[in-house]
Amino acid sequence: MKITVTHIGTATVLLEIGGLRLLTDPVFDPAQSEYPYGPVVLRSTAGPAIGAGDLPRIDAVLLSHDEHADNLDVTGRTLLAGRPVVTTVSGAERLGGAAIGLAPWATHELTVAGNTLRITGTPAEHIGDVIGFVVEVPGENEAVYISGDTVYTAELDKIARRFTIGTALLHLGAARFKEYNDSQLISMDGDQAAALTRSLGAHTVVPIHYTSWRHFTEDRADVTARFAAAGLADRLRWLTPGSPENLG
């Protein structure tokens with residue numbers, strides 16, 4: 001399967017697949033933005049590699065969840081209007097309009113300008129309602145998996161039983177908050193990501209959601225070390241933010 005991936009920042013990716021351009025988890029506010037959530041304040045440390053006004057045509061948005069600013073911020077919300085948005089069931093209710101809510105394992109056929117993709121929701125365990133995605137191009141043998149913010153659970157092992165995953169975009173960063181107990185992972189660390197990679201059987205893993213926010217506790221070096229220890233270092237494909245990469 002031929003795909004082009006541009007990592008814009010955090011979990012924001014431009015995915016060109018099957019003739020369509022998909023934008024994931026739009027985050028485009030400037031660096032040093034702050035967002036209070038009860039006892040927690042999310043703080044960004046870097047802005048996007050591509051500004052919202054410099055994006056090419058976007059056909060649809062895949063939104064893992066709408067409640068946290070490191071996955072959907074103020075500027076990102078302006079990009080939802082006028083195009084299909086595939087997200088959680090509760091998120092679709094909050095967003096209204098043309099938003100499409102998917103429960104885990106439910107499938108939606110997304111057709112834009114005569115091009116069709118099959119989007120299947122996958123389970124995710126996070127704070128609040130979150131979903132991941134498997135994206136299929138009809139007629140192709142392999143699919144693309146986008147984890148959404150999640151930790152690794154046994155439920156995710158079902159993905160490989162249902163799909164042949166070639167490329168996986170994994171939300172990493174080992175997010176933690178002292179307000180929620182520093183020992184509790186809120187997104188995958190490198191060890192969990194390596195274990196999920198083995199389960200998926202993916203030949204290419206693109207790490208995203210590991211930089212630009214203070215609540216991330218693992219960086220590129222940490223993830224690389226964990227994958228090397230698991231004998232999976234050759235699966236990693238690190239992207240330069242803002243630069244399109246052809247994957248297949």
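Q: What volume does the second largest pocket have?
A: This is a predicted model, and in it the second largest pocket has a volume of about 170 Å³.

Q: And which residues lie nearest its centre?
A: The lining of the second largest pocket is made up of 14 residues, and those nearest the centre are Val40, Leu42, His68, Ile127 and Phe177. By class, that lining holds eight nonpolar, four polar and two charged residues.

Q: What about the second largest cavity, and which residues line it?
A: The second largest cavity holds about 40 Å³ of space, and its lining consists of Met1, Ile3, Glu142, Ala143, Val144, Gly166, Thr167, His203, Leu247 and Gly248. Strand 12 and strand 13 are the elements that give two or more residues to this lining, which by class contains five nonpolar, four polar and one charged.

Q: Switching to helix 4, which of its residues are buried?
A: Helix 4 covers residues 190-200, and its buried residues are Gly190, Gln192, Ala193, Ala194, Leu196, Thr197 and Leu200.

Q: What do those pack against?
A: The buried residues of helix 4 pack against strand 12 (143-146), helix 3 (159-162), strand 13 (165-171), strand 14 (204-208) and helix 5 (220-229).

Q: And what caps the N-terminal end of helix 4?
A: Aspartate 189 does, with a side-chain oxygen 3.3 Å from the backbone nitrogen of aspartate 191. Just after helix 4, glycine 201 adopts a positive phi of about 75°.

Q: Stepping back, how many helices and strands are in the protein?
A: The protein has five helices and 15 strands, and its C-alpha atoms fill a box of roughly 45 × 40 × 30 Å along the principal axes.

Q: Why would one say the radius of gyration agrees with a compact globule?
A: Because a compact globule of 248 residues would have a radius of gyration near 18 Å, and the protein has 16 Å, which agrees. Buried residues make up 53% of the 248 residues, and among contacts between residues at least 6 apart in sequence, 60% join residues at least 24 apart.

Definitions and conventions. Residues are numbered from 1 along each chain as its sequence is written. This is a predicted model: local features need pLDDT of at least 70, side-chain atom pairs count only at pLDDT 80 or more; totals for chains, interfaces and linings use all residues. Side-chain values use heavy atoms; hydrogens and water are left out. Buried means under 20% relative accessible area, exposed over 50%, partly exposed in between (1.4 Å probe, protein chains only). Helices (H or I, at least four residues) and strands (E, at least two) are DSSP runs, numbered from the N terminus. Contact means heavy atoms within 4.5 Å. A polar contact is a pair of N or O atoms within 3.5 Å; within protein, one must be able to donate a hydrogen and the other to accept it, and residues adjacent in sequence count only if both atoms are side-chain atoms. On a 1 Å grid over the protein atoms alone, a cavity is a set of points where a 1.4 Å probe fits but cannot get out, and a pocket is an open set with protein on both sides within 12 Å along at least five of seven lines; lining residues have an atom within 4 Å of a point. Grid points are joined across faces, edges and corners, and a volume is the space filled by probe spheres set on the points. Ala, Val, Leu, Ile, Met, Phe, Trp, Tyr, Cys and Pro count as nonpolar, Asp, Glu, Lys and Arg as charged, and the others, Gly among them, as polar. The radius of gyration is taken over C-alpha atoms; the globule rule is 2.2 Å times the number of residues to the power 0.38.
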